[in-house]
Amino acid sequence: MTDEEFYRIHVYLKNRCGIDMSRKKEIIAGRLDNYIKIGGWNSYTEYMNDVTADFSGRLHNELVNILTTNHTYFMREFEHFQFLKEEVLPWLKKKEEEKKDLYIWCGASSTGEEPYTLAMVLKEFFGLEKSLWDTKVLATDISTEVLQHATEGIYTKEQISPLPEAWKRRFFRNLSDHEHVQVTKELKDEVIFRQFNLMDLFPFKHKMHVIFLRNVMIYFDAETKCQLVEKLYDALEPGGYLFIGRTETLDRSNVPFQLVQPSIFRK
Ligand SMILES: C[S@@+](CC[C@H](N)C(=O)[O-])C[C@H]1O[C@@H](n2cnc3c(N)ncnc32)[C@H](O)[C@@H]1O
């Protein structure tokens, strides 16, 4: 990969997805080299010409699938789920007791562990009253590959090991290979997966009560992050909560978010 080719790819990625890989030449080459060889392209220039000319979006989606980092796991930063259950849901239950609609968005849902954990927390919190409430979790990601995985809802037993035994029994069924489990229909029905690029205008008809946007803004530069935080603020209901990754920080100079705890913010 020449420097010009690297420049073209990282600028493309930044412009289209907000992801800043301007100092990640080795990683980009490491992830794409094989794909380019198998695809029969003779150079990155040829490849990028095809990506930009492909109006079907297939090559673009494949590029995004390859270059995004999708690491996640069940109960990641579990203190957030505890806070949700102990502080946020009791408040929301009172506030929305007439309409019984909750709007919860998980904006970088990767392979599904995070939104399914949210759905399990909601199921547990509402208990028998759950059927009276509409608490579906909207889960979005830019990568079609992770969304496919999330929709299938198949994980190894090792992957679900951080979950309480009662949740494992209730929300997963064993598959015949004895190594994998699949999310039950009951839980799947609680999550709506959609492809969505955080750089786009937010298309939501309703303001959100809760937004989980964890461990994704680290891939964006400061200006992109700032613009996104403004959109997140607008997308929230007054009093609504934003959760970001526990190692992330937020520039609040443009938006009057109230800091509740490090990584938890309130409008
Ligand atoms: C490291 S994972 C974080 C997953 C989960 N939120 C967590 O904390 O465990 C980051 C996810 O952000 C997604 N992502 C990156 N850029 C995005 C964008 N512009 N719009 C939507 N999703 C994006 C990636 O595809 C990836 O699945």
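Two strands count as paired if DSSP finds at least two bridges between them. Keep that in mind for the strands here. This is a predicted model.

Start with strand β2, residues 137-141. On one side, five bridges join β2 to strand β6, residues 191-195. The two run parallel. Within that pairing, Asp141 stands opposite Gln195 in β6.

Now the other partner. Strand β1, residues 104-106, also pairs with β2 in the parallel sense, over three bridges. Here Ile104 stands opposite Val137 in β2.

Which face of β2 is covered? The one with Val137, Ala139 and Asp141. Leu138 and Thr140 make up the uncovered face.

Next, the domains. The assignment gives domain 1, residues 3-67, and domain 2, residues 79-266. Their C-alpha centres lie 29 Å apart. Where they touch, seven residues of domain 1 are in contact with 11 of domain 2. On the domain 1 side, helix α4, residues 58-67, gives the largest share, three residues. That side divides into three nonpolar, three polar and one charged residue.

Last, the ligand. Which of the 24 residues around the ligand come nearest? Thr68, Thr72, Ala108, Ser110 and Asn215. The shell holds nine nonpolar, 11 polar and four charged residues. Both domains take part: each of domain 1 and domain 2 supplies at least three residues of the shell.

Note on methods:
Residues are numbered from 1 along each chain as its sequence is written. This is a predicted model: local features need pLDDT of at least 70, side-chain atom pairs count only at pLDDT 80 or more; totals for chains, interfaces and linings use all residues. A residue is near a molecule or strand if its C-beta atom, placed from the backbone, lies within 6 Å of it. Ala, Val, Leu, Ile, Met, Phe, Trp, Tyr, Cys and Pro count as nonpolar, Asp, Glu, Lys and Arg as charged, and the others, Gly among them, as polar. Domain bounds come from an automatic or database domain assignment. A residue is buried if 20 or more other C-beta atoms lie within 10 Å of its own, exposed if 12 or fewer, and partly exposed in between; C-beta atoms are placed from the backbone. Helices (H or I, at least four residues) and strands (E, at least two) are DSSP runs, numbered from the N terminus. Two residues are in contact if their C-beta atoms, placed from the backbone, lie within 7 Å.
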